[in-house]
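I opened my notebook beside the viewer today and jotted things down as I went. Here is the structure I had on screen.

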Amino acid sequence: MAYQVPADDIVAIVDAPPSPVAALAPGRRNAALVHYEAHPPVALLARPFLSLAGIRVDPVIAGRQRTRRLTGISVLSVPGGQIRPVELPAGQSVSVPAWAPDGSRFAFTVDEPDGIAVWVADAAAAVAAPVPGLRVRDVLGGDPTSGGSTIRWSRDSSSLIVLGAPGAPPELTAEPIEPHVEEAAGKHSQMATFQDLLRTTADEDLFEALATTVPLRVDPSTGAATRLGPAGLYYNLTDSPDGQHLLVYRLKRPFSFRVPYPYFARTVELWSAAGELERVIADLPVSDEVARQGVPTGPRMVSWEEPVPASLVWAEALDGGDPRAKAEHRDQLVRLTAPFDAEPQITNLVEHRCLGWYNMAAPGQLLMTEHDWDRRWLTTRLTDLSSPELGRVIFDHSADEAYLDPGSPLLTVEPDGTRTVLQDGACIYLRGDGASPEGDRPFLDRFDLTDLKTERLFRSPADGYEQALGFLGDDRDSVLIWHETRTSPPNLAVARLSTGERSQLTDWPDPHPQLTGMEKRMLAYDRGDGVQLTGMLHLPPGYDPQRDGRLPLVIWAYPLEYGDAGTAGQVRGTTERFTRLNASEPVWFVLRGFAVLQNATMPVIGDPETMNDTYIEQITAAATGHVKALTEMGIADPGRVAVGGHSYGAFMTANLLAHTDLFAAGIARSGAYNRSLTPFGFQNERRNFWEATDVYDRVSPFRYAGRIAAPLLLIHGARDPNSGTFPIQSERLFQAIQGTGGTARLVILPYEGHRYLARESVLHVLAEQFDWLARWMAATDADQDTAG
C-alpha cells in the first residue's frame, strides 16, 4: 500500500523547521548554529549501504550512512546576538563543527559526490572555504561515543589532525556466493545480540578497504599535508598538551563475526609529533568474552592528563572485568609520564568500577566517579595521582537519585588547547537538572572543594525553564542560557546573575501556535503499595470537564528499574517547558481530542539481581494506578484507555495487553517480545536465559499472544539495528496473535531503523496511530450517556 498522510494540520507541524543546534566556541563568545532537516525524504535512507562491523557504510563516499541532513551553519555572536549565515554549497550535507581551541575558527565536513571534503570557517567573518585537496573518511572516526574523531584541531589551533582518505572509494565487486560458517569452541561470549556484523571473509576485506585512513597533519589554509603514519584502521589521534606526542587508537586483525568494531583487536600507541612510534600502551585481543555488564580487560580510557605537558592516565580492571567476581578492588588507575621509557605506575586502587574522570586544573588531580554495581551507587572523589589514597569523597548518592544529583562540572578549553574543569581557586561550577517535587528547575552552582559547600548562582524561574550553558568568557556575572516557557519555544539568551536581567539573542518562532492553549499538569499519586507514580498529563486546548465530559486517554510509558521506592517516586520533568511536537511523541493525540499521560512512570523496583521476577506484577500495578487516578479525577473514560510505547515501552505495552483488561487498544513500536531471542540479558537484567528461564518466559508477551484480546498496532523499522529489537520480533508476535484469533495490525517501514526519521515514514506512522485509535476507541452512545 502507499504511504498514508494525516490531515493538513498535522503535516504542517511535522514540516515546521526545527530550531538549530548550538555548538559553543571555547570562551563562549561565538556559537555555530547548525541547521538541519528534521525529517529527510525516505530516498536518503534508501541510498545503498553496507552492514559492516556494527556500522552502516555508504560506499559511494566511504563514510557512515547519513540518516539526517545538516543543511547549513550560521555564526551567532555573543552577547551581541548577530546571526550570520555561512555560505555553503547548495544541497550538500555538513557535519557538526569542531572548534579550534582559540575559538577563532571551526572545521566541518561537506559530503561531496566523490567523498567527504573538509571546510574551515573564520568565526569573525562567518566565511568558510574548503581545505584544498583534502578528503577524509569517517567510517571509524565518525562515532564520538566510541572515542572516534575524524577531524581534530592541534592544541595551538594552527593545524588539523585528520583521518584522510587514502584514495578514491574502493570499487565494489559482486558479493561472493558462499556458505556462511561460524564455529564455537570453548568461548563464553555472553554479549548482546548485535546487528550489522561482519559475516564473511569478503566482508572483512571490504570493511578494511572502506575503513582504512591515513593520519595527516594539514594546514587548513593551504591544504599542505604531512603524513604522520602508514595507512591503517585509525579511529582517534590526539596530540599531547605540549604538542610533542600523539595518542593513537587503531584496530587490527583479527576481526570478529560476533561483536562490532569497538571490540575488535586493537592497539593504543604513543607516537612522536612527527609520527614515529615511541611505545605501545595497549595491545588488546578481540573482546568477545566480556562479562555481562562488564568491561574488557587491559588498559581502557587511555587519555592525556590535561594539565601536564605529556602524561597518560588510564584504568585497568582487577576483577577480570566481571562485576560478579569477588574483588577487594575492581580497578586500578595507571600513569605513564614523559619520556615514556619507564614502567607505568599504579597510582590508585579503585574499590568499585571506574566510570571515568574529569581533569582538574591542578596537575595530577582528577574528579573520578566509581560505580558500585551491587548497590547501584555512584561515588565521586577528588583523586590525586601522586598519592596512593583514593581521594576525598565529593559526591555520594544512588545512581537512581534525581533530587540529590549534584550536576556535572562546567568544563573549559584554554587557548592552548588544555581541557579541564573550570576552576576559580578551590571552587568549581556545577550545572544540573534540578529535579524536585515541584518539577525540574535547572541550576548553576559554585562548589567549594575545600569545605564542600554549595552556593547557588542561578536557578530556573518557577514559571519558565532555563538551562545555563556556561559563562561568557571570564565574566562570572553573565551566563548564556536556553530560555523557554509553556508558550514560547527555546531561544538563546544572556542572563545577568547580579540583577536577573535577560537579553534575548535569538527569536525562533513557535512552530505550532495552535497548541498554545494546551493544558499540562504534573500528576503524582500512589501505586497502591506506597510507591509514588508520576506522569505528565496533556489536555486538549480549551478543555472544560463540565462541558466536554470524560476523554479517551492514551498512556505512554517506558519502564525503568530502581533500587528503592523512594527514588522511583521522584518527580522528573516539568510543566514549564515548551511542548515541541516531534514525530515520536504521543502528545499528537491531544489534537484529536484525547487526554495524553506522557512519561507515565512504570517503575520496576527491587534487588538488581531479581527485580524482573515481579516485572509483570509491578507494571500491572502501575498501569492500574494510572487508570484509576485519571478516572477518579473525572478526566478519563475508563472504557476508552489505550496504552503505547516505543522499544522497551512496546515490550511493556504487549505485556499489559496480555495480562490485564485495562485497555481498549495498544500501540507498540520497535519492540522485542520474545526474550529467548535476547538470551544474554535485556535492559538491566543480569541473568541469562539459562539462569532464569522462568523469568524470560514469563515476561515474553509472545508466550501469551493468545491472551492479547485488545487490538494491537505493531510498527517496526525494516532495518532496525538496535540490539535485540530485530524486525522479526514484531513479525512473529503479529503472526502469533493472528494465529490465535486476536486483532492486530503490522506496519513495517521501509529503510527505517529503531527510530523513524523519513518524512514519509513519520507521517505514515501518525496516520496509522490516529486511525487505529479512532477505529477502536470511538465513543458509543453509552459512553456519551456516562459522560453527560
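What percentage of the 788 residues of the protein chain count as buried? I found that 57% do, where buried means under 20% relative accessible area, exposed over 50% and partly exposed in between, with a 1.4 Å probe and protein chains only.

**Ground rules.** I am working with a predicted model, in which local features need pLDDT of at least 70 and side-chain atom pairs count only at pLDDT 80 or more, while totals for chains, interfaces and linings use all residues. Residues are numbered from 1 along each chain as its sequence is written, and side-chain values use heavy atoms, with hydrogens and water left out.

**Overall fold.** I looked up the secondary structure and noted 11 helices and 48 strands in the protein chain; these are DSSP runs numbered from the N terminus, helices being H or I of at least four residues and strands E of at least two. The radius of gyration is 27 Å, close to the 28 Å from the globule rule for 788 residues, so the chain is as compact as a globular protein of that length. For my own reference, the radius is taken over C-alpha atoms, and the rule is 2.2 Å times the number of residues to the power 0.38. I also wrote down the span of the C-alpha trace along its principal axes, about 85 × 70 × 60 Å.

**Cysteines.** I searched for disulfides, meaning pairs of cysteine sulfur atoms within 2.5 Å, and the count was zero. Cys354 is buried at 3% relative accessible area, and Cys427 also counts as buried, at 15%.

**Cis peptides.** I noted a cis bond between Arg253 and Pro254, with omega about 5°. Pro254 sits in the loop between β17 (245-251) and β18 (266-272). Ala338 and Pro339 are joined by a cis bond too, with omega near 15°, and Pro339 is in the loop between β22 (331-337) and β23 (345-350).

**Positive phi.** Ala53 has phi near 60°, a positive value in a residue other than glycine. I placed Ala53 in the loop between β3 (50-52) and β4 (55-58), buried at 0% relative accessible area. Ala62 has phi near 55°, lies in the loop between β4 and β5 (63-64), and is buried at 1%.

**Thr678.** Which residues does Thr678 touch, not counting those up to four places away in sequence? I listed Thr193, Tyr696, Gly724 and Gln729, a contact being heavy atoms within 4.5 Å. Thr678 belongs to the loop between β46 (665-669) and α8 (693-698), and is buried at 5% relative accessible area.
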